[in-house]
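Colleague: I am new to this structure and would like to go through it by question and answer. Please show it to me.

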Amino acid sequence: RAVAMSVSHSSRLNKLVREQYMRLPQDGRVQVTYVWIDGSGEGVRCKSRTLDKEPKSIEDVPEWNFDGSSTAQAEGSNSDMFLVPVCMFRDPFCLDPNKLVLCEVLKYNRKPAETNLRHTCKKVMDLVKDSHPWFGMEQEYTLLGINGHPYGWPDNGFPGPQGPYYCGVGADKVYGRDIVESHYKACLYAGVKICGTNAEVMPSQWEFQVGPCEGIEMGDHLWMARFILHRVCEDFGVVATLDPKPMTGNWNGAGCHTNYSTEEMRREGGLKHIEAAIEKLSKRHDYHICVYDPRGGRDNSRRLTGHHETSNIFEFSAGVANRGASIRIPRQVGQDGYGYFEDRRPAANCDPYAVTEAIMRTTVLNETGVETKDYTEH
């Protein structure tokens, strides 16, 4: 009874009946689902339209529009917003030849919407393209019942303390693996560069990794992976939250650890370039904390306490194999003398465009202080 009450009503609709319709032919026409980031900077929205033939590239997908007053992106008197397609994926829900298309949002005057952080990220990535920045982001999330309580937790009380859940197996240790495996397969089908998954330290908490991705591709693929996660959860009737600290008390928070390297870091002797980049990051800690969650650091202040495998939000630290540091150099990288490093500060609900842009501004474009440079004139 408790489990039945914690899932949504729509998840209990007969999915076999749905399958009967999903098998119907489409007569050459194609369903394209446009996906965009809403005014919260965290939520994703979508809507679909029919194209007469399968788009072969993003240029074949027309611009569209939507009502920004209903997504906290415009007022009702001037509410039309433009959807500009930027990245296309196969649709794992409606199957080939249907598509999912990630879009940038522009305002009525063709300027980027406030939560369109891709726009400046793309400019920065174009500037630094010769350094060939690679990223891999580790997206932690927590499964909740429709009642807002962690999925599978006792209705009254808590599960046993953390310890057996990380990378766990067994019905008493992991909750919701069906969702995780469905999401993984859906991402592979879509063409998202998902590269792994594992159960996390807190029960009902999971992680998937996306990468390696070069430049702007990191944000594109992580946002689409998030959309697919929410859509899969909808089918199962549960909720995926990216809240950085969904449960107060002696439970791990949720981050989005960001692995990063440039071409020179990946070459023999690259460790000195890694150390130089960390030195630059150490002098700009406040700026990075400010952009590593959607609320200027307030979300992360609940998570970055110096406990539960986190660093303290007020202090910058770095170390080899140290999961309590701001920046971790993997032990293998320390031994090999080249590779990558991991920024452990971004919150689970960060915007990957903001995170990757900030890292490039500091480590390659050599910006300092809390102000950012405007490169639109270049």
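Colleague: Which residue ranges does the domain assignment give?

Modeller: The model is predicted, so the atoms discussed here come from a prediction. The domain assignment of the protein gives two ranges, domain 1 (14-115) and domain 2 (125-364).

Colleague: What distance separates the centres of domain 1 and domain 2?

Modeller: The centres are taken over C-alpha atoms. The contact takes 20 residues from domain 1 and 20 residues from domain 2. Between the centres of domain 1 and domain 2 the distance is 26 Å.

Colleague: What area is buried between domain 1 and domain 2?

Modeller: The size of an interface is often given as the accessible area lost when the parts come together. Here carbon and sulfur atoms give 70% of that area. The total between domain 1 and domain 2 is about 1,800 Å².

Colleague: Which residue meets Glu42 in a salt bridge?

Modeller: Side chains of opposite charge can pair when their charged atoms come close. The N to O distance in the pair with Glu42 is 2.8 Å. Between domain 1 and domain 2 the count is 1 salt bridge. The partner of Glu42 is Arg295.

Colleague: Are Asp220 and Arg118 buried or exposed?

Modeller: The side chains of Asp220 and Arg118 meet in a salt bridge, 2.9 Å from N to O. The pair links distant parts of the chain, with Asp220 in helix H5 (residues 217-236) and Arg118 in helix H3, 102 residues apart. Relative accessibility is 3% for Asp220 and 8% for Arg118. Buried means under 20%, so Asp220 and Arg118 both count as buried.

Colleague: How many residues apart are Asp126 and Lys122?

Modeller: The side chains of Asp126 and Lys122 meet in a salt bridge, 3.1 Å from N to O. Asp126 is partly exposed at 38% relative accessibility, and Lys122 is partly exposed at 31%. Both lie in helix H3, separated by about one turn of the helix, or 4 residues.

Colleague: Which residue does a cis peptide bond join to Pro97?

Modeller: Pro97 is in the loop between S4 and strand S5 (99-106). Omega for the bond is about 10 degrees. The residue joined to Pro97 is Asp96.

Colleague: Where is Pro212, which a cis peptide bond joins to Gly211?

Modeller: The cis peptide bond between Gly211 and Pro212 has an omega of about -5 degrees. Pro212 is placed in strand S8 (residues 205-214).

Colleague: What is the phi of Leu95?

Modeller: Leu95 sits in the loop between S4 and S5 and is partly exposed at 43% relative accessibility. Leu95 is not a glycine, yet its phi is positive, at about 70 degrees.

Colleague: What is the phi of His132?

Modeller: His132 is in the loop between helix H3 (118-127) and strand S6 (134-144). His132 counts as partly exposed, at 30% relative accessibility. Although His132 is not a glycine, its phi is positive, at about 45 degrees.

Colleague: Is His257 buried or exposed?

Modeller: His257 is in strand S10 (residues 256-261). Beyond its neighbours within four places in sequence, His257 is in contact with several residues, including Gly136, Met137, Arg303 and Glu342. Its relative accessible area is 7%, so His257 is buried.

Colleague: Which residues form a nonpolar patch on the surface?

Modeller: One member, Val17, is in helix H2 (residues 15-22) and is partly exposed at 40% relative accessibility. Together the patch has about 310 Å² of accessible area, and its residues are Val17, Tyr21 and Leu24.

Terms used
Residues numbered from 1 in each chain as written. Predicted model: local features only at pLDDT ≥ 70, side-chain atom pairs only at ≥ 80, totals over all residues. Heavy atoms only, no water. Patch = residues over 30% accessible without salt bridge, like charges linked within 9 Å, V, L, I, M, F, W, Y side chains within 5 Å. Areas by Shrake-Rupley, 256 points an atom, 1.4 Å probe, with all protein chains shown as cover. Salt bridge = Lys/Arg side-chain N within 4 Å of Asp/Glu carboxyl O. Helix = DSSP H or I, 4+ residues; strand = E, 2+ residues; numbered from the N terminus. Buried < 20%, exposed > 50% of the residue type's maximum accessible area, 1.4 Å probe, protein only. Contact = heavy atoms within 4.5 Å. Domains from an automatic or database assignment. Buried area = accessible area lost by both parts, 1.4 Å probe.
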